[in-house]
Amino acid sequence: MIDIVISPDAPSAAAHVAGILHEAIRQHPAAVIGVATGSTPSPVYRALATRLTPEDVRGVSAFALDEYVGLPREHPESYHSVVFREVTRPLGLDARRVRVPDGQASDLAAAAEEYENAIVTAGGVDIQLLGIGTNGHIGFNEPGSAVTSRTRAVRLAAQTRADNARFFDTPGEVPTHALTQGIGTILDARRIVLLALGPGKAHIVSRALHGPMTAELPATALRTHPACTVVLDRAAAAALPGRGWGRSA
Ligand code: PGA
């Protein structure tokens, strides 16, 4: 079941998502949150940081969705660095409770299995924040990923590498592979909140919510989840059929 919330603009959509996360943490002080990277979630973390006290987050744990393979952790665009900069530090999380897949492991399959086990040991993800790629990926589950997929090493789609080139000095520096939670891993989260902002996401959002369910558009798998909320600004909602339906916030 997908609940759709359309906010007037990007800041209010991000604030709405921050409110959902804040409420989840308030209700469950030992919450396990799943965190996404990319441009979209940044304003959510900024809004959340202004609401949370050190007391609120004392027991909170976080798991990142993915990490580039082969990029040194110290690289400013590794998701270890991004998560520390945008999530751990501003939210005041205990760094020992924040996990990012080990994209530098010599045995990526073992690192993937270890990551799955760590999520289970933590009790599973209570609330997972997601973005959506322009090709419909969630995490780095590119088109063709099985709905049952688990954490694993994947090759990044050409579209994803082109989209993420803006974070690197040259397109050639964008890593070719990543370690990502699988679609099955993501669907195990008890609640999912997907945020999409801007006109560049309008077409894929419409297909994800209303097009045929297919592995070629990984985000369509979210329609099988019992508690998924999609939060959009008006621009990202612009291609929805019968635009104007759904709940507004
Ligand atoms: P973006 O990435 O937020 O930078 O658009 C979304 C994604 O790839 O999941």
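**Entry 1: the largest pocket**

I take a pocket to be an open set of grid points with protein on both sides within 12 Å along at least five of seven lines. I note at the outset that I am working from a predicted model. With that in mind I looked up the largest pocket, and I find that about 370 Å³ of space lies in it. Its lining is made up of 22 residues, and those that lie nearest the centre are Thr37, Gly38, Ile132, His137 and Asn164. When I sorted the lining of this largest pocket by class, I got 7 nonpolar, 11 polar and 4 charged residues. I also asked which element supplies the largest share of the lining of the largest pocket. That is helix 6, residues 158-164, from which 3 residues come.

**Entry 2: around the ligand**

Next I listed the residues around the ligand, and I wrote down Gly38, Ser39, Thr40, Gly131, Ile132, Gly133, His137, Arg166 and Lys201. Gly38, Ile132 and His137 were already in my notes, as they are among the residues nearest the centre of the largest pocket. For Thr40 the atom concerned is a polar side-chain atom, and it lies 2.4 Å from an oxygen atom of the ligand. Lys201 likewise brings a polar side-chain atom to an oxygen atom of the ligand, here at 2.6 Å.

**Entry 3: the second largest pocket**

I moved on to the second largest pocket, in which about 210 Å³ of space lies. I count 14 residues in its lining, and the closest to the centre are Arg73, His80, Val98, Arg99 and Val100. Three elements each supply at least two residues of the lining of this second largest pocket, namely helix 4 (79-91), strand 5 (98-99) and helix 5 (108-121). Helix 4 gives the most, with 4 residues. By class I recorded 8 nonpolar, 2 polar and 4 charged residues in the lining of the second largest pocket.

**Entry 4: aromatic pairs**

I looked up the aromatic pairs and found that the structure holds 5 of them. In one of these, Tyr68 and Tyr79 have their ring centres 4.8 Å apart with 40° between the planes, and the pair is tilted. This pair links distant parts of the chain, since Tyr68 sits in strand 4 (residues 66-68) and Tyr79 in helix 4, 11 residues apart. Are the two tyrosines, Tyr68 and Tyr79, buried or exposed? Tyr68 has a relative accessible area of 0% and is therefore buried, and Tyr79 also counts as buried because its relative accessibility is 6%, where the cut-off for buried is under 20%.

Tyr79 has a further partner in Phe140: the ring centres are 6.0 Å apart and the planes lie at 15°, so I noted this pair as stacked. Here again distant parts of the chain are linked, with Tyr79 in helix 4 and Phe140 in the loop between strand 6 (127-130) and strand 7 (152-155), 61 residues apart. Phe140 is buried, as is Tyr79. Taken together, Tyr68, Tyr79, Phe140 and Phe168 form one aromatic cluster.

**Entry 5: Asn135**

I then looked at Asn135, which lies in the loop between strand 6 and strand 7, where Phe140 is also found. Its relative accessible area is 13%, so I recorded Asn135 as buried. What does the side chain of Asn135 contact? A polar contact of 2.9 Å joins it to the side chain of Glu142.

**Entry 6: the cavity**

I looked for cavities of 30 Å³ or more and the count comes to 1. The largest cavity has a volume of about 50 Å³. I listed Ile2, Ile132, Leu194, Val205, Ala208, Leu209, Ala219, Leu222 and Val230 as its lining, and by class these divide into 9 nonpolar, no polar and no charged residues. Helix 8 (residues 202-210) gives the most to the lining of the largest cavity, with 3 residues. Ile132 in this list is also one of the residues around the ligand.

**Entry 7: Glu74**

Last, I looked up Glu74, which is found in the loop between strand 4 and helix 4. Its relative accessibility is 65%, and Glu74 therefore counts as exposed. I also took the C-alpha to C-alpha distance from Glu74 to Glu23, which is 33 Å in space for residues 51 apart in sequence.

Technical notes
Residues are numbered from 1 along each chain as its sequence is written. This is a predicted model: local features need pLDDT of at least 70, side-chain atom pairs count only at pLDDT 80 or more; totals for chains, interfaces and linings use all residues. Side-chain values use heavy atoms; hydrogens and water are left out. On a 1 Å grid over the protein atoms alone, a cavity is a set of points where a 1.4 Å probe fits but cannot get out, and a pocket is an open set with protein on both sides within 12 Å along at least five of seven lines; lining residues have an atom within 4 Å of a point. Grid points are joined across faces, edges and corners, and a volume is the space filled by probe spheres set on the points. Ala, Val, Leu, Ile, Met, Phe, Trp, Tyr, Cys and Pro count as nonpolar, Asp, Glu, Lys and Arg as charged, and the others, Gly among them, as polar. Rings of Phe, Tyr and Trp (its six-membered ring) pair if their centres lie within 6.5 Å; planes under 30 degrees apart count as stacked, over 60 as edge-to-face and the rest as tilted. Buried means under 20% relative accessible area, exposed over 50%, partly exposed in between (1.4 Å probe, protein chains only). A residue is near a molecule or strand if one of its heavy atoms lies within 4 Å of it. A polar contact is a pair of N or O atoms within 3.5 Å; within protein, one must be able to donate a hydrogen and the other to accept it, and residues adjacent in sequence count only if both atoms are side-chain atoms.
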